[in-house]
Every structure is written in C-alpha cells, then in structure tokens.
Amino acid sequence: MIHFNIDQWRAWAPGLDSADDWVRWSRSPWQPPAGDEQPDVGFLPAMQRRRLSRLARMAFHVAWPLAEGQPPLPLVFASRHGETPRTFAILGELARGEPLSPTQFSLSVHNAIIGLWSILRGDTSEMTAIAAEGDGLEHAVLEAAALLAEGAPAVLLVIAEEQPPAAYADWVDDVPFPYAVGLRLTAGRDWQLSCSSGAATESSAAWPHALDFILTLLRDAAQCQHQWKTRVWNWQRNP
Amino acid sequence: MSELELEITHLIIEALGLEDIGPEDIGRELTLFGDGLGLDSVDALELGLAIQKRFGIKIDADAKDTRKHFANVASLAAFVSARQAA
C-alpha cells in the first residue's frame, strides 16, 4: 500500500485542454477526434521545439505548468507505445534501403522525451521512462512514491500516448485518440493505492485508464478500481 | 542568391524542421552551426543526409574540409556544384 497527495494535474486531448474543458468532458464524456491537432508549446523557442513530436509536445504541454515555480523535480514518464510514428518511419527507410534519419533515430528511444525535458528545463533530477502495459499509470505512481519516500519534494508524473500509424491497427487498440495526463505528486495521505490479485479479465473501461482516472478526480469519487490482467489496483481517496 | 543556393536554403528549412524561419532569414553567408543560425551536431548529420539524398553526392563525414563546406549556404552550393561536375 502506498500513500501520496495529488497536488495538481493537467491533461490534454484534441479539443480538450483547459480545466473547464475537462470539467465539461467529465459531465458527459465524448470521444475527441483523432486528427492532427497539436498542443501548444509556445513557451519554448522555435529552435528548441522544432524536434518535438506530438507525443513530446503533449508531455511538455501538460508537465511544463506543473514544473513552473517549483524546485528541480524528478520526472516519471510512462507510455505503453512510445514514439511509434518515428519507429515506423525508420522501419520504412530500412525497408527501402535508404539511410536512416539521425534525428528520427536519436529521438525514437523511449527515454528521448525525458532527455529533452532535462536539457530544455536545465533540470538534472532523476528521470525515468517506463512502458508498462495497460497499467502504466499505477506503475508510474509506484515509481513516484518511491522517489517521494527518498525525499523528493514532489514528483512529476506524465502518461502520454500517441496514435500509432495505421499499420499497427491490428495490434494496438487502446489509443482511440492521442492524450496526455500530468500529475504533480507530493508526500501525504490524501490517496492510497494498493494492488491485489484477481481472475484475469479483459479491460472493459470506456476510456484510456489515465483519462478514467481524471473522471475519478473531477467527480470527487472516493475510489476507483482498475484491473489489468490479474492485477487489481484499488485507488482510495482518504476522507 | 543563385537557384542552387535557394534550393539548399529550402532544403535546410525542410530537413531540419525550422519552425518560424523563412528562406529570407537565411542569408547565403550566414554561419549555419553554432553562432548564426544555431544548428547543432544532429542537424549536421541530418543536413548531410538530406544533401546526399537530394543531389546524389557522397559526403565523407571525416574529411577535414567537410566542416568548411558546411559553413554557410554559399559554401554548400559551391561544394555541391563541384561534386556534381566531378
């Protein structure tokens, strides 16, 4: 069992950005369009933002305001699928016998985004990139709780997914639209999270789990349960 | 600016994803790397690749005068012309 506080959060999906947007969404959730819309990262100079993919832009967009005015903070970045458009572009170049793009290659690895974050914010705190199946949010919270227990003043947690290229459609069915959620976690007892075992089931959630959790936050629900395979995660808000 | 220089200017913008920069912002003698335009080592590799693909020439990354050829748009155009003629 782990305990923590959620100090502040931010989320982005196409057409959903401000706190008011998410409150409206939570009252009667709708499916955002997939499309090409990109979140704003105008807080970065053009020369710095030019190499950011949409996945990176989403991560920066939700995390940047959470980091402003704070001391240097560790960051836990979770994404199940990562930079699939970059990987797919590289595989295409290989298949055509063309030389690989150095930019695509260097930014395709799973920890590229936290590397860019560290460089652009000038923050050398511990940063971690994880890919943990369908319960990446919980694994990231576990990692964050460990950092808080080690004495971090707060931990930034970002979970982000980009829509994979169409070629992956038969294998990737859990990203109906691109989205990102950022949380700033601090030590405390507002929330507790525990894991128990259950019979394996298929996930029946209507929305990607990180967004389901936003619904829990916005509806002031006291608890939320999320099962992935045999892992049953219980989120409990302490009164 | 010659036609080739203009083509190289467009190639730089396109290959390196230079948001908010137009061809008019890159003079033919503007230093591309470090000071000037402010490109970095990953840009150097990417631009080298783009030039090789577009003009069908081979660039030796280790040759000592490669750095000189990549100084600005004018030197790159001279380099490409010389290689294409060779």
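View 1. B:His69 is found in helix 3 of chain B, which covers residues 66-69. Please keep in mind, here and in every view below, that this is a predicted model. Leaving aside residues up to four places away in sequence, B:His69 touches B:Ser75, B:Leu76 and B:Phe79.

**View 2. Where chain B meets chain A.** On the chain B side, 16 residues are in contact with 14 residues of chain A. The size of an interface is often given as the accessible area lost when the parts come together. Here, chain B and chain A bury about 1,100 Å² between them, with 48% of it on carbon and sulfur atoms. Three residues to look for are B:Glu19, B:Glu46 and B:Leu49, which supply 40% of the area that chain B buries against chain A, more than any other three residues.

View 3. Side chains of opposite charge can pair when their charged atoms come close. Between chain B and chain A the count is 7 salt bridges. In one salt bridge, the side chains of A:Arg57 and B:Glu19 meet with N to O at 2.5 Å. There are also 9 residue pairs in polar contact between chain B and chain A, counting pairs with both residues at pLDDT 80 or more. Sorted by class, the side of chain B that touches chain A has 8 nonpolar, 2 polar and 6 charged residues.

**View 4. Helix 1 against helix 8 in chain A.** Two packed helices are described by the angle between their axes and the distance between the axes. Helix 1 (residues 19-27) and helix 8 (residues 209-218) of chain A pack at an angle of about 95°, their axes being 10 Å apart. That makes helix 1 of chain A roughly perpendicular to helix 8 of chain A. From helix 1 of chain A come A:Trp22, A:Val23, A:Trp25 and A:Ser26, and they meet A:Leu211, A:Ile214, A:Leu215 and A:Leu218 in helix 8 of chain A. The residues of this contact divide into 7 nonpolar, 1 polar and no charged.

**View 5. A salt bridge within chain A.** Over all chains, a search of the whole structure finds 22 salt bridges. A:Lys229 forms a salt bridge with A:Glu133, and the closest N and O atoms are 2.8 Å apart. A:Lys229 lies in strand 6 (residues 223-237) of chain A, and A:Glu133 in the loop between strand 3 (127-130) and helix 7 (136-149) of chain A, so this pair ties together parts that are 96 residues apart in sequence.

Terms used: Residues numbered from 1 in each chain as written. Chains lettered and ligands numbered in written order. Predicted model: local features only at pLDDT ≥ 70, side-chain atom pairs only at ≥ 80, totals over all residues. Heavy atoms only, no water. Contact = heavy atoms within 4.5 Å. Buried area = accessible area lost by both parts, 1.4 Å probe. Salt bridge = Lys/Arg side-chain N within 4 Å of Asp/Glu carboxyl O. Polar contact = N/O pair within 3.5 Å; in protein donor to acceptor, adjacent residues only side chain to side chain. Nonpolar A, V, L, I, M, F, W, Y, C, P; charged D, E, K, R; others polar. Axes fitted to C-alpha atoms, helices over the stretch in contact; angles between N-to-C directions. Helix = DSSP H or I, 4+ residues; strand = E, 2+ residues; numbered from the N terminus. Parallel < 35°, antiparallel > 145°, perpendicular 65-115°, else oblique.
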